[in-house]
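Hello,

Here is the structure for you to look at. My notes on what was found in it follow below.

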Amino acid sequence: MSLHAQYLESFLRSQFYMLRMDGPLPLPHRHYIAIMAAARHQCSYLINMHVDEFLKTGGIAEWLNGLEYVPQRLKNLNEINKLLAHRPWLITKEHIQKLVKTGENNWSLPELVHAVVLLAHYHALASFVFGSGINPERDPEISNGFRLISVNNFCVCDLANDNSIENASLTGNNFGVSIVDSLSELEALMDRMKRLREEREDEEASQEEMTTRFEKEKKESLFVVSGDTFHSFPHSDDMIITSDVSRYIEDPGFGYEDFARRGEEHLPTFRAQDYTWENHGFSLVNRLYSDIGHLLDEKFRMVYNLTYNTMATHEDVDTTTLRRALFNYVHCMFGIRYDDYDYGEVNQLLERSLKVYIKTVTCYPERTTKRMYDSYWRQFKHSEKVHVNLLLMEARMQAELLYALRAITRHLT
């Protein structure tokens, strides 16, 4: 993240606030919730980090044996952790009522908002960790399944020196694609961006047409990974989840792809203007857990507007359309629609290998491979791809928060 210093500062401020500053939840509980969230994606890097923090802040070591050792109250977060991580559109006010109902294990609303912010933050951070190649590799030789790598060697990428990556990935030539091809890819993308800007000035699509384009994009996004033999994955049922991860979750097989595969569940459309972060989510969060709303808002704005006006080797480029397409495509996969956005742009700007990458990093980050990372935008710098990951992470976090906060609002009204 330090490749984007402005963003990093904003990220650290909000993370420090939710983990260390005054707030409704005791410190050890905050780290335990982070562990539960990271475990949904088997993100051992984050789990190990917060196991240490949990103990340092006075957490009870026995809880680290797994969920059956924790108080019922924490265990009750399982359902919302699972839904937020994989299918946030299923969260209803009934889930909220169940958690806050009176009784010895109930959650106060401020505590629940704190917990939800932590869960969404760590689900999204797991996307960034896997998307940027930071999680340690699995090693079947070792008893717990993980090789402990010193932190300096964690990343498949030499973060300090952006150029060495670029040159390595160009000379590595993963797909037998010549540099000429990837250069023409870049030119074609810039050309499409320019054409879209011009078309937008010429004609407005009708509301009906905009709705149709969104529904088409939403439907297609469900099948982005499944038809892709290029990256054949084990389905989550086949993934071996080691006990150091599985002890922190229930129902490990539950994931995003179940409904896409069987098509049995309709992904409803969430009309963004009916419940926006700016007008609804922000004030609710701030009211129940003071100041976190401001910090999250600053972070969302920062990432949405972050630009260096460059694209690979080109300078003075307006990348707004591209950044917006990335952010809105993530929301589209979660069923969130912006009335004023033309989803035809997503199709124009995001090539298939990039869509596969976005879908994987956002919905099942634990399956991300270096090959996927290398296969899109081959001319772009490593720092630009990290920028993409920041956008995906924040878009995902905001989508989870919108669904959870809408349910809390409904519970209150």
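**Helix packing**

This is a predicted model. In it, helix H5 (residues 78–86) packs against helix H7 (residues 109–131) at an angle of about 40°, and their axes are 10 Å apart. H5 and H7 are therefore oblique to each other. The crossing in which H5 passes H7 is right-handed. On the H5 side, the contact is made by Ile80, Asn81, Leu84 and Ala85, and on the H7 side by Val116, Leu119 and His123. Sorted by class, the residues of this contact between H5 and H7 are five nonpolar, two polar and no charged.

In case the way of describing this is new to you: two packed helices are described by the angle between their axes and the distance between the axes.

A second pair is helix H1 (residues 5–20) with helix H2 (residues 27–39). Their axes come within 8 Å and cross at roughly 120°. H1 and H2 are therefore oblique to each other. From H1, the residues Tyr17, Met18, Leu19 and Arg20 meet Leu27, Arg30 and His31 of H2. The contact of H1 with H2 has four nonpolar residues, one polar residue and two charged residues.

**Histidine 123**

Is histidine 123 buried or exposed? Its relative accessible area is 0%, so histidine 123 is buried. This residue lies in helix H7. Leaving aside residues up to four places away in sequence, histidine 123 touches Ala37, Arg40, His41, Asn81, Leu84, Ala85, Arg396 and Glu400. Among these, Asn81, Leu84 and Ala85 are also on the H5 side of the contact with H7.

**Cysteines**

How many disulfides does the structure hold? The count is zero. For reference, a disulfide is a covalent bond between the sulfur atoms of two cysteines. Cysteine 43 has a relative accessible area of 0%, so it is buried. Cysteine 363 has a relative accessible area of 3% and is therefore buried.

**The whole chain**

The secondary structure of the protein comes to 19 helices and two strands. The protein has 413 residues, of which 56% count as buried. Which share of the contacts between residues at least 6 apart in sequence joins residues at least 24 apart? In this protein the share is 76%.

Regards

Definitions and conventions. Residues numbered from 1 in each chain as written. Predicted model: local features only at pLDDT ≥ 70, side-chain atom pairs only at ≥ 80, totals over all residues. Heavy atoms only, no water. Axes fitted to C-alpha atoms, helices over the stretch in contact; angles between N-to-C directions. Helix = DSSP H or I, 4+ residues; strand = E, 2+ residues; numbered from the N terminus. Parallel < 35°, antiparallel > 145°, perpendicular 65-115°, else oblique. Left-handed = near helix turned anticlockwise from the far one by under 90°. Contact = heavy atoms within 4.5 Å. Nonpolar A, V, L, I, M, F, W, Y, C, P; charged D, E, K, R; others polar. Disulfide = S-S within 2.5 Å. Buried < 20%, exposed > 50% of the residue type's maximum accessible area, 1.4 Å probe, protein only.
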